[in-house]
Amino acid sequence: MISHEQAIANLIYRYAFLVDDGDFAGLGTLFADGQLTLNNAPAAIGADAVERFAHASLRIHNDGTPGTRHVISNVIIEIDDDALAAHAEAYYTVFQALPDFPLQPIACGRYQDRFVRHGDRWIYKEKIVRTGLMGDLSRHRR
């Protein structure tokens with residue numbers, strides 16, 4: 001069995017993989033009992049809303065993905081004393097490369113996450129994505 005910290009870190013990393021894979025249904029499932037907020041936009045609450053939000057905000061290219069790689073760093077996880085709730089912060093950097101767009105960082109910022117434990121598993125309660133620095137997002141956002 002993995003530690004609480006590793007289980008929570010895995011959720012943070014899973015988010016990045018799902019976005020980079022263009023698996024917006026999986027992304028929705030990750031937030032079935034939670035919500036996702038990007039900067040100052042209204043929160044997308046629940047699986048269907050998160051999936052719709054991702055489809056409406058991110059461009060998908062010929063390979064079925066956004067052509068991105070999210071790199072997560074400086075992960076800080078704090079678990080409440082009763083181990084039923086936790087919060088985390090992390091930095092992210094998004095790189096993108098496409099046939100007509102050379103590899104480059106396009107955005108970086110901070111994740112602010114809240115988690116709750118249901119039985120023996122942790123789930124997302126809330127993810128706030130705050131963009132701090134932006135590059136060329138013309139091939140990433142709709």
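**Charged and aromatic pairs**

User: What sort of contact do the side chains of D113 and K127 make?

Analyst: D113 and K127 are joined by a salt bridge with an N to O distance of 3.0 Å; the term requires a side-chain nitrogen of Lys or Arg within 4 Å of a carboxyl oxygen of Asp or Glu. This pair links distant parts of the chain, with D113 in strand β5 (residues 101-118) and K127 in strand β6 (residues 121-134), 14 residues apart. Strands are DSSP runs of E with at least two residues, while helices are runs of H or I with at least four, and both are numbered from the N terminus.

User: What is the model, and how are residues numbered?

Analyst: This is a predicted model, in which local features need pLDDT of at least 70 and side-chain atom pairs count only at pLDDT 80 or more, whereas totals for chains, interfaces and linings use all residues. Residues are numbered from 1 along each chain as its sequence is written, and side-chain values use heavy atoms, leaving out hydrogens and water.

User: Are D113 and K127 buried or exposed?

Analyst: Both D113 and K127 are buried. Buried stands for under 20% relative accessible area, exposed for over 50%, and partly exposed for the range in between, with a 1.4 Å probe and protein chains only.

User: How many salt bridges are there by that rule?

Analyst: The count is five. One of them pairs E126 with R114, at 2.9 Å from N to O. Here E126 lies in strand β6 and R114 in strand β5, 12 residues apart, so distant parts of the chain are again linked. E126 is buried at 14% relative accessibility, whereas R114 is partly exposed at 41%.

User: Which residue does R139 pair with?

Analyst: R139 forms a salt bridge with D136, and their closest N and O atoms are 3.7 Å apart. Shared partners join D100, D136 and R139 into one network of salt bridges. Both R139, at 23% relative accessible area, and D136, at 31%, are partly exposed.

User: Changing topic, how many aromatic pairs does the structure hold?

Analyst: There are five aromatic pairs. In one of them, Y92 and Y111 are stacked, with 4.7 Å between centres and 15° between planes. Y92 lies in strand β4 (residues 85-98) and Y111 in strand β5, so the pair ties together parts that are 19 residues apart in sequence. Y92 is buried with a relative accessible area of 4%, and Y111 is buried at 1%.

User: Why is the pair F115 and Y124 called tilted?

Analyst: The ring centres of F115 and Y124 are 4.7 Å apart and their planes stand at 40°, so the pair is tilted. Rings of Phe, Tyr and Trp (its six-membered ring) pair with centres within 6.5 Å; planes under 30 degrees apart are stacked, those over 60 edge-to-face and the rest tilted. F115 and Y124 are both buried.

User: Which residues form the aromatic cluster?

Analyst: One cluster is formed by Y15, F31, Y92, Y111, F115 and Y124.

User: Which ring does K127 lie over?

Analyst: K127 lies over the face of Y15, 4.6 Å from the ring centre. The rule requires NZ of Lys or CZ of Arg within 6 Å of the ring centre and within 35 degrees of the ring normal. The charged end of R14 likewise sits over the ring of F17, at 5.9 Å from its centre.

User: Where is H140, and what does H140 touch?

Analyst: H140 is in the segment after β6 and is buried, with 8% relative accessible area. Not counting residues up to four places away in sequence, H140 touches S57, L58, R59, P66, T68, Q96 and I106, where contact means heavy atoms within 4.5 Å.
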